[in-house]
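Here is a short briefing for a reader new to this structure. Please look through the sequence and the model first.

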Amino acid sequence: MKSEARTLNAATPVVAQPAQVIALNVPQKPRARQRWLRPLLQRLIPASCGVILLLFVWQLASMSSKGFPTPFATWQAAVTLFADPFYNNGPNDQGIGWNVVASLQRVAVGFGLAALVGIPAGFLIGRFTFVARMFNPIIALLRPVSPLAWLPIGLLLLQRAEPASSWTIFICSIWPMVINTAEGVQRIPQDYLNVARVLQLNEWTVMRRILFPAVLPAVLTGMRLSMGIAWLVIVAAEMLTGGLGIGFWIWNEWNNLNVENILIAIVVIGVIGLLLEQALMLLARRFSWDK
């Protein structure tokens, strides 16, 4: 019986089942357009929401406060103002462009002098213990002083408002350069200096070939902080000293009750400060060793 069952099973025809096709999910490569579009939207959408929120709060403030301009009124004033930003109708009537240029010139002078003095001073303070012990109490005493407290000293010493503003920028922006440079020098690995001793390098060669390349990122960080302070202080200094400059321009517009122009100047100051900081940040990343 078992053999007959085997014979019957072997003779039974086998019905072929249709093959089932299974689709494989092959990941597709993102298109070139999607590679840059998605990160761009991830940045633009939150930023746009923030701008819309700011305009909404601005509109509410203008509705609840008499005399405060609306965003649309400020935009109309900006169109008129930037139609000719470099007009010149005399020493006391010049466009906002010339005032911004004058402020940038003062910042460049004060910031440049602070870099020429502060960076070498930071190297000496970080390199030599005696120099550090000599100057650290002075830095700790003078650094917290308010920037505008130095303006009368500059007026007394220089007898003119124009160099007094640059003096204020100098004395306020020098401290971050000195402190960051000194800390950068002190954080240099001791092995670097030991190699310099073995090679019997002189102090100038150690400064130029070992210390400066290693400390450059810290120096650029100090310069970025100093630039922010310099651009912050110049507006307040120009309000007190007068003359051509964005700070005096704001004060003059307030005396004329042109609040729209004051708001425009605030935006201009913020944009220029942001551009200056971003430029120094890009420079700092270019010379960073942590890439």
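This is a predicted model: local features need pLDDT of at least 70, side-chain atom pairs count only at pLDDT 80 or more; totals for chains, interfaces and linings use all residues.

Residues are numbered from 1 along each chain as its sequence is written, and side-chain values use heavy atoms, with hydrogens and water left out.

**Helix α9**
- Helix α9 covers residues 203-241; helices are DSSP runs (H or I, at least four residues), numbered from the N terminus.
- Its end C-alpha atoms are only 44 Å apart, whereas a straight helix of 39 residues would span 57 Å at 1.5 Å a residue. The expected span is 1.5 Å times one less than the number of residues.
- A kink of about 55° sits at Leu-216, shortly before Pro-217. The bend is the angle between axes fitted to the seven residues ending there and the seven starting there.
- Gly-242 follows α9 and has a positive phi, near 80°.

**Val-107**
- Val-107 belongs to helix α4 (residues 96-127).
- Val-107 is buried, at 3% relative accessible area; buried means under 20% (1.4 Å probe, protein chains only).
- Beyond neighbours within four places in sequence, Val-107 contacts Gly-112, Ile-169, Met-227, Ala-230, Trp-231 and Ile-234. Contact means heavy atoms within 4.5 Å.
- Ala-230 is 123 residues from Val-107 in sequence, yet their C-alpha atoms are 6.2 Å apart.

**Thr-168**
- Thr-168 is in helix α7 (residues 161-186).
- Thr-168 is buried, with a relative accessible area of 0%.
- Leaving out residues up to four places away in sequence, Thr-168 touches Pro-147, Trp-150, Leu-151 and Val-233.

Note on methods:
Helices (H or I, at least four residues) and strands (E, at least two) are DSSP runs, numbered from the N terminus. Buried means under 20% relative accessible area, exposed over 50%, partly exposed in between (1.4 Å probe, protein chains only).
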